[in-house]
Amino acid sequence: STGLGIGVSPSYKLDVATSARIVNHTFDGSAIELNYSGSGNRYAYIDFHGDDTYTDYGFRIIRDNTGPNAGSSLYHRGTGALGFATVEAAPITFISNNVTTLYLSAINNVGIGNTSPGHKLSVSGTAYFGGVVTQAHSVWHTSSDGVGRYYYGNNARTYYKIGRAHV
């Protein structure tokens, strides 16, 4: 097949070299692979530029160069929000070791260790709160002596001593 080569003899429909920084990468219509044909440990990253403030990148997706167990990161620059969004009614999941660890449902419930949260916050397993937990007109408070107290009603002087909240 014929192609267009910019700075290189074309092997694909569009083959660009040099300043476009597209060399030894495959774009086959269904995937973009970076550093696929390289050798040894090396960084692989995509930089996005959306303004003239940062000359190196405004947003970066990077794979570190430390071998098969290298870390991967997202870097966002500036004070604007970094958002994760679904356009349709779909959840957002965070997965670690092939297990969903954090789940944000399509109806705005959050599950920690739980993929079907029935409340605004649903935790499967043990949870620790090191401060005050408030529920309409009632408060759970762990005091400096480690004793948990449950305050009920609008009067903060009425409370029930529960016992040690955390040892």
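Strands β10 and β11 pair in the parallel sense, over three bridges. Gly-111 has its bridge partner in β11: Ser-122. Strand β10, residues 110-112, has the highest mean pLDDT among the elements, at 96.

**The sheet around β10**

β10 and β11 belong to an open sheet of four strands. The order is β8-β9-β10-β11, and the pairing is mixed. Which strands form the edges? They are β8 and β11, the latter spanning residues 121-123. Each of these two pairs on one side only. On average, neighbouring strands of the sheet are turned by 20 degrees against each other, direction ignored.

**Aromatic pairs**

How many aromatic pairs does the structure hold? There are two. Such a pair is described by the distance of the ring centres and the angle of the planes.

| Aromatic pair | Geometry | Centre to centre | Angle between planes |
|---|---|---|---|
| Phe-48 and Phe-59 | tilted | 5.8 Å | 45 degrees |
| Phe-84 and Phe-94 | edge-to-face | 6.2 Å | 75 degrees |

Phe-48 and Phe-59 link distant parts of the chain. Phe-48 sits in strand β5, residues 44-48. Phe-59 sits in strand β6, residues 59-63. Phe-48 has a relative accessible area of 40%, so it counts as partly exposed.

The other pair involves edge strand β8. Phe-94 lies in β8, residues 92-96, whereas Phe-84 lies in the loop between β7, residues 72-76, and β8. The pair therefore ties together parts that are 10 residues apart in sequence. Is Phe-94 buried, exposed or partly exposed? Phe-94 is partly exposed, because its relative accessibility is 37% and that class runs between 20% and 50%.

**Arginines over tyrosine rings**

Two arginines deserve a look in the viewer. Arg-60 lies over the face of Tyr-45, at 4.7 Å from the ring centre. Arg-77 lies over the face of Tyr-57, at 4.9 Å from the ring centre.

The chain has a mean pLDDT of 79. Of its residues, 67% reach 70 or more. Which element has the lowest mean pLDDT? Strand β15, residues 159-164, does, with a mean of 51. Where pLDDT is low, the predicted coordinates should not be read in detail. At the other end of the range stands β10, with its mean of 96.

Note on methods: Residues are numbered from 1 along each chain as its sequence is written. This is a predicted model: local features need pLDDT of at least 70, side-chain atom pairs count only at pLDDT 80 or more; totals for chains, interfaces and linings use all residues. Side-chain values use heavy atoms; hydrogens and water are left out. pLDDT is the predictor's confidence in each residue, from 0 to 100. Rings of Phe, Tyr and Trp (its six-membered ring) pair if their centres lie within 6.5 Å; planes under 30 degrees apart count as stacked, over 60 as edge-to-face and the rest as tilted. Buried means under 20% relative accessible area, exposed over 50%, partly exposed in between (1.4 Å probe, protein chains only). A charge sits over a ring if NZ of Lys or CZ of Arg is within 6 Å of the ring centre and within 35 degrees of the ring normal. Two strands pair if DSSP finds at least two bridges between them. Axes are lines fitted to C-alpha atoms, for helices over the stretch in contact, and angles run from 0 to 180 degrees between N-to-C directions.
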